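Q: I'd like to learn how to read a fold like this one. Could you walk me through it?

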Amino acid sequence: MKNIAVIGAGTMGNGIAHTFAQSGFKVNLIDISEASLERGLATISKNLDRMVAKEKITENDKAETLGNITTYTNTVDGVKNTDLVVEAATENVDLKLKIFKQLDEACDEATILATNTSSISITQIAAATSRPEKVIGMHFMNPVPIMKLVEIIRGYNTSDEVTNTIMELSKTLGKVPTEVNDYPGFVANRILMPMINESIETLYNGVAGVQEIDTVMKLGMAHPMGPLQLADFIGLDVCLSILNVMYDGFKNPKYAPCPLLVNMVQAGKLGVKSGEGFYDYSESRKAENVSKQFL
């Protein structure tokens with residue numbers, strides 16, 4: 001397996017492309033927007049520069065990594081002769097079903113189709129194709145080049161052969177693949193998102209402020225960042241989407257998103273990417289200043 005296609009040049013997509021390219025794979029990075037592709041490549045280059053500065057890689061390593069990436073705005077052209085396609089588009093079920101139907105038609109019969117979804121059913125996505133046994137979840141963590149975990153999610157029909165292939169492939173990337181079964185939220189988000197949602201509820205109910213909640217979890221539970229800061233980092237819209245998937249999937253009220261989270265997303269307060277969430281990022285991308293509405 002040498003030729004990889006990655007659908008989507010956003011935060012997760014460019015991180016996945018970076019990781020494969022740095023491990024010596026030829027990567028076709030695909031996005032409908034030329035501007036998104038340019039931003040994605042710029043991010044990869046900047047992240048490689050940080051690694052050069054820390055002497056983790058050489059300038060030659062950086063050049064080879066970038067040389068392994070080719071960009072495409074046409075999906076059909078981008079997935080030709082690839083062994084694996086990893087979809088990293090927006091966390092929207094209708095969009096993913098549309099993409100996988102297109103991939104199924106455009107890719108070689110032997111091509112494995114993977115999705116980086118963090119919550120949507122692999123079985124449902126696979127049903128949009130004629131090769132459900134070759135559809136699997138590869139849930140990378142952000143930032144992809146640094147985080148070791150890859151959740152490998154088997155759909156109802158995913159074959160043992162495909163699962164084993166993707167498990168071994170993940171190891172060649174220097175990752176630690178962990179196999180889980182296909183239920184809403186899988187493992188990572190089934191546990192993480194209720195914690196984030198409960199943290200938002202705690203703020204909503206006036207139990208404590210933003211910094212106080214994050215401080216308790218960082219110093220009391222040894223979390224590297226507080227849950228509200230983490231929600232800002234993930235994107236409040238993404239958190240809401242995942243909670244809705246779990247709420248719809250389990251029909252259990254404990255997964256119902258907090259009204260404060262819903263209102264913030266509707267108001268466009270999405271966290272780091274919008275410049276404001278629970279913290280204000282207008283002066284720094286670090287969570288140093290609490291948003292005015294929570295002071």
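Q: Let's start with one side chain: is Glu87 buried or exposed?
A: Buried means under 20% relative accessible area, exposed over 50%, and partly exposed in between (1.4 Å probe, protein chains only). Glu87 has 0% relative accessibility, so Glu87 counts as buried. Before going on, keep in mind that this is a predicted model, where local features need pLDDT of at least 70 and side-chain atom pairs count only at pLDDT 80 or more, while totals for chains, interfaces and linings use all residues. Residues are numbered from 1 along each chain as its sequence is written, and side-chain values use heavy atoms, with hydrogens and water left out.

Q: Which side chain does Glu87 meet in a salt bridge?
A: The general idea: a salt bridge is a side-chain nitrogen of Lys or Arg within 4 Å of a carboxyl oxygen of Asp or Glu. Here Glu87 pairs with Lys96 at 2.4 Å, N to O. Lys96 is buried too, because its relative accessibility is 1%.

Q: What other salt bridge does Lys96 make?
A: Lys96 also meets Glu91, at 3.7 Å from N to O. Glu91 and Lys96 are both buried.

Q: Why are Lys101 and Glu105 separated by about one helical turn?
A: Helices are DSSP runs of H or I with at least four residues, strands are runs of E with at least two, and both are numbered from the N terminus. Lys101 and Glu105 sit four residues apart in helix α5 (residues 93-106), so about one helical turn separates them. As for cover, Lys101 is partly exposed, with a relative accessible area of 46%, and Glu105 is exposed at 59% relative accessibility.

Q: How many helices and strands does the protein have?
A: You'll find 12 helices and 10 strands. The radius of gyration is 19 Å, close to the 19 Å that the globule rule gives for 295 residues, so the protein is as compact as a globular protein of that length. That radius is taken over C-alpha atoms, and the globule rule is 2.2 Å times the number of residues to the power 0.38. Along the principal axes, the C-alpha atoms fill a box of roughly 55 × 45 × 35 Å. Buried residues account for 47% of the 295 residues.

Q: Which residues gather in a patch of positive charge on the surface?
A: First, the rule: patch residues have over 30% relative accessible area and no salt bridge, with like charges joined within 9 Å and nonpolar side chains (Val, Leu, Ile, Met, Phe, Trp, Tyr) within 5 Å. Lys and Arg count as positive and Asp and Glu as negative, while His and the chain ends are not counted. A charge is placed at NZ of Lys, CZ of Arg, CG of Asp or CD of Glu. The areas come from the Shrake-Rupley method with a 1.4 Å probe, and for residues only the protein chains shown count as cover. In this structure, the positive patch brings together Lys46, Arg50, Lys54, Lys56 and Arg285. Of these, Lys56 lies in the loop between α2 (34-53) and α3 (59-67), and Lys56 is exposed at 61% relative accessibility.

Q: Now the backbone: what is the phi of Phe186?
A: Most residues other than glycine have a negative phi, and most peptide bonds are trans. Phe186 has a positive phi of about 55°, although Phe186 is not a glycine. Phe186 is in the loop between β8 (176-181) and α8 (188-204), and is buried with a relative accessible area of 4%. Lys251 likewise has a positive phi of about 55° without being a glycine. Look for Lys251 in the loop between α11 (236-250) and α12 (259-266), where Lys251 is exposed at 64% relative accessibility.

Q: Where is the cis peptide bond with omega near 0°?
A: It runs from Asn142 to Pro143. Pro143 belongs to the loop between β6 (135-140) and β7 (149-154).
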